[in-house]
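Subject: Structure handover and findings

Hello,

Here is the structure I promised to pass on. My notes follow below it.

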Amino acid sequence: MLNEKTKKNIFQLLGDWVGFFFSRSYDLIASGLDRIIFDPLQRLVGMLRMPYFFVLPNLLVFTVFSLLPVLLNFGYAFTKDPNLFLADRPWAGVESFKQIFTCANFLDPNSCLVDLFWRSVSNTVQFVIFQVALMVIVSMVTALILNGKIKARGFFRSVYFYPVLLSPIVVALLWRWILQENGLFNGVLSGLGLSTQAFLTNSTWARFWMVMISTWSNMGFYTLILLAGLQSIPTEMYDAAKMDGADRLQTFKNIVFPLLMPTLLVVTVLSLIRAVQVFDIVYAFTGGGPGSATMYLVQYIYLNGFSSPIKQLGLASAASLLMAGVLVILTIIQLSLRKEEV
Amino acid sequence: MGSIISFLTRTRGRKKFHMTDILTYVYLGLGVLIMFGPVFWLIMSSFKTQSEIIRFPPRFLPYKQDSIQVVGYDNLLPLYDVKIDGQVLRLAEINRIGIGSRLIDPKNPSQVIDANIKDLKPVEHVDFSLDNFKEGIASFNFGVYLKNSVIVTVVATVLTLIVNSMAAFALSKYKFKGSKAIFLVMIATLMVPTSVILVPEFLIITKLNWNNTLIGVIIPTIATPTGMFLLRQYMLTIPDELIDAARIDGASEWRIYAQIIVPLASPALAVLAIFSVMWRWNDFLWPLIVLTHNNLFTLQVGLAAFQGELNVQWNLILAMTVLTLIPVTLIFAFLQRSITTGIATTGMK
């Protein structure tokens, strides 16, 4: 964005100063820690036991804040009442799950005992399908175009990437501003002589814009991954295809597409995992509304676990467990795709 | 269909300028408009006055109505171009009654002129006023939220780098009992994002008495398996001979870590640092749950709360949103190359 030369000068000046102070203080701290803690420690326990102390901080945080909660989640899902402390929660067995799964017709959330759960599930499924499809198509097209012979590729690549850095709250507020009743879009519509739309208070429009906005904010990320995949296809492949007299359609079908397939799968699964967890944007964009039209799974968990006046931690945890199950399956697929890719 | 595919897959240039080239640049131009346009619109809007904000249809530039101080009136009076008997006069409005407006000529304030409001045209000029920002900062606690966000981001990033690089060092350069199991379990929790362990994680924070503390926001995020994995992969490429040589020279294991491995792994550490800053700056769900006191909010939580309570004061919300996106935009301007290559090579976000 800035002129390369100015950037270099700024960086050099800053870099020299910061670098000097940083490396000096780093050395001081590192050797100080060695003298006070780690050298005596190594003398005490021996060299071979040192790695345990290196993993210890990570392992501790990880155990307390990731592993333990996973196990505790089961405790909440099988107990009831709004108490946070597990000891005060009476055993409920599979009651929470039963409540969630009591439905006259699973396709109609209104017929369910806990209607918001199925509504959020069906909203999420709908959102995931449209969003992932749109995301994969748009980022694929963009990556292919960016991979073509174009001027200022670096610039255009970063253009698509810019919204990825914006926080979800900023993204949501930005679009709410544009889509509100007397916002930019309605201004354009009325300028064209069309009637204005209730983009935020009509359920169909709200759902539509949720898909568009999350695609807008994340497509740069997937475009980058796909672009990297495209650029790793050796140019000899294209040359060979040309020599064999293949036209562009054949080249795409027989060379680009198959070679890009693993990356495309990774992108699909990654965006699936991300889409299932949609929360931040919708929280500030519609707050789940109108009604519960854009209420998704994580918001259901948040609502029952934290924000509703009568907390239903059992329901929240049961929903969490079900969602975790889906995510575990998706991640296993992703990891095995990664392995194949390497 | 064939033409679409061939359009999308051109890789070698032709001599002639072709239809597909035009389409390519149209697509890219639209991309610039769609990606930057909304942000640009937001920035323009953040300078607008309250009355300009609710104006429909909206205008691109932030206009402000001219006003004038007239002797005998305490307030500034808004200026209008008024059509009277085919003549256009520049008058100041005193007040409005129904569709009638009472105006005076600033040069001759004693005589009141009556006019129909449909003959009034406001006198305006483009004004990038900072009023919204000033008022917003005053009513929004911006300084406090910014401070909290900076503390969370900086502390969490430093701790993330330390904790994960130590673990990555142990898991890449040593074979010890349980190392495989530890590694596998950590990779397994890649599958468990915060959003599915909210309730029990909140219980643990409560038991530790970390509710409504920034520590409670920071600590649970620092052991990120993705970061550890990235660093470990990088450290595997550092030759073991270096370590053996240092050991022969009598260096302790800590010195090997701190003064050989860490400097050599600095490219990977830099990538993780940039990511960690982005993650923590933009985090929302977990801070939302841990923090309930207004003076502990991070920028994101504060902004979300602000828009909830001031539903109509868009001008202030917009100004605060612009302030919130400034740091990220600066990072983008300076570091976009390293970020984009970082993502392209590691595939993480």
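V88(B) counts as exposed because it has 11 C-beta neighbours inside 10 Å. The cut-offs are these: a residue is buried if 20 or more other C-beta atoms lie within 10 Å of its own, exposed if 12 or fewer, and partly exposed in between, with C-beta atoms placed from the backbone. V88(B) sits in strand β4 (residues 87-97) of chain B. Strands (E, at least two residues) and helices (H or I, at least four) are DSSP runs, numbered from the N terminus. Leaving aside neighbours within four places in sequence, V88(B) is in contact with D81(B), V82(B) and K83(B). Contact means that the C-beta atoms of two residues, placed from the backbone, lie within 7 Å. The C-alpha atoms of V88(B) and V163(B) are separated by 73 Å, and the two are 75 residues apart along the chain.

This is a predicted model: local features need pLDDT of at least 70, side-chain atom pairs count only at pLDDT 80 or more, and totals for chains, interfaces and linings use all residues. Residues are numbered from 1 along each chain as its sequence is written, while chains are lettered from A and ligands numbered from 1 in the order in which they are written.

Now the interface. In total, 94 residues of chain A are in contact with 90 residues of chain B. On the chain A side, α2(A) gives the largest share, 20 residues. By class, that side has 68 nonpolar, 19 polar and 7 charged residues. Ala, Val, Leu, Ile, Met, Phe, Trp, Tyr, Cys and Pro count as nonpolar, Asp, Glu, Lys and Arg as charged, and the others, Gly among them, as polar.

Two helix pairs cross between the chains. Helix α2 (residues 50-77) of chain A and helix α7 (residues 198-207) of chain B have axes that come within 7 Å and cross at roughly 115°. Axes are lines fitted to C-alpha atoms, for helices over the stretch in contact, and angles run from 0 to 180 degrees between N-to-C directions. α2(A) and α7(B) are therefore roughly perpendicular to each other. The classes are: under 35 degrees roughly parallel, over 145 roughly antiparallel, 65 to 115 roughly perpendicular, the rest oblique. From α2(A), V64(A), F65(A), L68(A), P69(A), L72(A), N73(A) and Y76(A) meet V199(B), P200(B), E201(B), L203(B) and I204(B) of α7(B). These residues divide into 10 nonpolar, 1 polar and 1 charged.

The second pair is α6(A) with helix α2 (residues 19-45) of chain B, at about 75° with axes 10 Å apart. This pair is therefore roughly perpendicular too. L174(A), W175(A), W177(A) and I178(A) of α6(A) make the contact with P38(B), V39(B), W41(B), L42(B) and S45(B) of α2(B). As for burial, 12 of the 12 residues of α6(A) are buried.

Q42(A) is in helix α1 (residues 4-45) of chain A. Q42(A) is partly exposed, with 19 other C-beta atoms within 10 Å. Not counting residues up to four places away in sequence, Q42(A) touches M47(A), M50(A), S252(B) and E253(B).

Last, two backbone points. A152(A) is not a glycine but has a positive phi of about 55°. A152(A) lies in the loop between α4 (115-147) and α5 (153-165) of chain A. N141(B), also a residue other than glycine, has a positive phi near 65°.

Best wishes
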